[in-house]
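Take a walk through this fold, one element at a time. Keep the viewer open and follow along.

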Amino acid sequence: MALRLYDSATREVRDFTPLQPGKASLYVCGLTVQSEPHVGHVRSGVNFDVLQRWLRASGYETTFIRNVTDIDDKILAKSADQGRPWYNLAYDMHRELDAAYASLNVARPTYEPLATGHIPEIIALIEELIAKGHAYAAEDGSADVYFDVRSWPAYGELSGQKVDDMEAAADADPRGKRDPRDFALWKGRKVSEPETASWPSPWGLGRPGWHIECSAMAGKYLGPAFDFHGGGLDLRFPHHENEQAQSRAAGRPFASYWLHNAWITTSGEKMSKSLGNSLVIPEVLKKVRGIELRYYLVAAHYRSHVEFSFSALDEAASAFQRIESFLERAGSAEAGEVPDAFREAMDDDLGTPGAVAVLHDTVREGNRRLSAGESAAAEAAAVRGMLDVLGLDPADPAWGSTKGDDTALTEALDVLVRAVLDERAEARAAKDWARADSLRDRLKDAGIEIEDTPEGPKWSVN
RNA sequence: GGUGGGUUGGCCGAGAGGCGAGGCAACGGACUGCAAAUCCGUGUACACGGGUUCAAAUCCCGUACCCACCUCCA
């Protein structure tokens, strides 16, 4: 059974037929780098990273573009509040985003274009739209350029809306627009905005509107037609609707499939800045490891709403630790082929919950064999293979060399712990259980867990 | 007003007409000096009211509640 995915445009699960046999092209809307990324933001990164990995694992030569929006109203407003240049804020937040992705083992895309690096392509696309009668420069001398929604009959097709049914935006600035639903392709510079945030254009100094950058960049790196376009559900309208309208109006077929990941909510509500910053990635990673947070995100289907809670996150961490301890027990194994059931789950609209269930089934079978004194090499190889596809392989160097970082400390601690364990071994040999347990308890109080195994006691820092 | 999604056991979270996904927690058993880890076992779950069907968590009608989008949003 081949890969099939839910296409938001047609609202049905469709078989994936690549434009070019054996190849897959994917454009994902990244973030506007205006604040620290929180759990909700990285969900999209993780979801599409899993898609990208599965496409590659399925044999597709994959080109993956994920942009960064580094100029927009919010960046300008926030940087002004903070009293620093907008590009400094954007750069800092971009680095925070990179760090968050890295801590979750989200692979780098083939290329990560910035909006500000594509002004010539954006201007060229706007000129093309004007020439074709789908865009116009505002007549109020503002240097704004708008897309003419009424000139494109298919407008609204992606989000299933009719122009006439739409609520006129309360906050839409009607200046210079022919229709309130027309959206900006180019925003003329306002006197209140810094000069550094504007570029010369045929219409005057200004900067790109939000949507046009993605059309321009997708076109530059993936061509006029490509396979997948992804992003968060809230981007479906207006962002993706507008991207598609302006791209198609310019004669480009654009994306064959539209994929949208659902929300992470807290207290039943969409995550947002107003809920505080307790869910920014560095804060969350004080509670669980990056690999555990990633497992939490992967264990839910990408189209399901997730109600974030730290207790659910803890459960996920426990579940993941079960997988890790199996790999430790089973010993080293190379990543092997994934089981058919895993493949079927992933092929079915990226069914990671079912895939994770297969993972656990395999772990249980492996543990059963180990308990029976048999080899679990086959299970360990399969588990490694599955974890690899999900970006959850604990042995992946991307998770950092925490073991190597403090080798000296670990060795020193090992000597001390061994000394205590030797003492405990003597006590146990003498059947002095009270003393043996007291030694173990003292280590536990220091955060060191002791497990007695057939190969002798093992210790680990909790 | 328009569009779309949701409500599943103590908790998280799949499934989309018929064999109880999986995990966490709990309980019982095995193993262990005791633990830990692991294995085996244990669950009258599908918001509510009707209907269709041999069979409904799944389809239909209705009701309730929740959420998202409608030009700032992952």
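Is Arg 303 buried, partly exposed or exposed? Arg 303 is partly exposed, because its relative accessible area is 33%. Keep in mind that this is a predicted model.

Now look at what Arg 303 does with its side chain. Arg 303 forms a salt bridge with Asp 349, and the closest N and O atoms are 2.7 Å apart. The two residues sit in distant parts of the chain, 46 residues apart. Arg 303 is in the loop between α8 (290-298) and β13 (306-307). Asp 349 is in the loop between α10 and α11.

Glu 365, Arg 368, Arg 369, Glu 374 and Glu 379 are joined into one network by bridges that share partners.

How many salt bridges does a search of the whole structure find? The search finds 30. One of them pairs the side chains of Arg 4 and Asp 348, at 4.0 Å from N to O. Arg 4 lies in strand β1 (residues 4-7), and Asp 348 lies in the loop between α10 (340-347) and α11 (352-371), so the pair ties together parts that are 344 residues apart in sequence. Arg 4 is buried, with a relative accessible area of 17%. Asp 348 counts as partly exposed, at 38%.

Another bridge connects Lys 187 and Asp 73, with the closest N and O atoms 3.0 Å apart. Lys 187 belongs to strand β7 (residues 183-188), and Asp 73 to helix α2 (residues 73-82). These distant parts of the chain are 114 residues apart. Lys 187 counts as partly exposed, at 26% relative accessibility. Asp 73 is partly exposed too, with a relative accessible area of 39%.

Turn next to the sheet. Four strands make an open sheet in the order β4-β3-β9-β10, and the pairing is parallel. The edge strands are β4 (61-66) and β10, since each pairs on one side only. From one strand to the next, the twist averages 25 degrees. Strand β3 (residues 23-28) runs parallel to β4, and 6 bridges join them. In β4, Thr 62 is the bridge partner of Ala 24. Helix α6 packs on this sheet and touches β9 (225-232) and β10. The direction of α6 makes about 175 degrees with that of β10.

Some backbone geometry deserves a check. Most residues other than glycine have a negative phi, and most peptide bonds are trans. The peptide bond from Phe 237 to Pro 238 is cis, with omega near 5 degrees. Pro 238 has its place in helix α6 (residues 236-249). Phe 254 has a positive phi, near 65 degrees. Phe 254 is found in strand β10 (residues 254-261), and counts as buried at 3% relative accessibility. Ala 143 also has a positive phi, about 75 degrees, although it is not a glycine. Ala 143 lies in the loop between β5 (135-137) and β6 (145-147). Is Ala 143 buried or exposed? Ala 143 is buried, because its relative accessible area is 12%, and the cut-off is under 20%.

In an unreviewed entry, UniProt lists residues 31-41 as a short sequence motif, the 'HIGH' region. In the model, the end C-alpha atoms of residues 31-41 lie 8 Å apart. The span is 27% helix and 0% strand.

Methods: Residues are numbered from 1 along each chain as its sequence is written. Chains are lettered from A and ligands numbered from 1 in the order in which they are written. This is a predicted model: local features need pLDDT of at least 70, side-chain atom pairs count only at pLDDT 80 or more; totals for chains, interfaces and linings use all residues. Side-chain values use heavy atoms; hydrogens and water are left out. UniProt positions are given in the numbering used here, feature names are shortened, and annotations may be inferred rather than shown by experiment. Buried means under 20% relative accessible area, exposed over 50%, partly exposed in between (1.4 Å probe, protein chains only). Two strands pair if DSSP finds at least two bridges between them. Axes are lines fitted to C-alpha atoms, for helices over the stretch in contact, and angles run from 0 to 180 degrees between N-to-C directions. Contact means heavy atoms within 4.5 Å.
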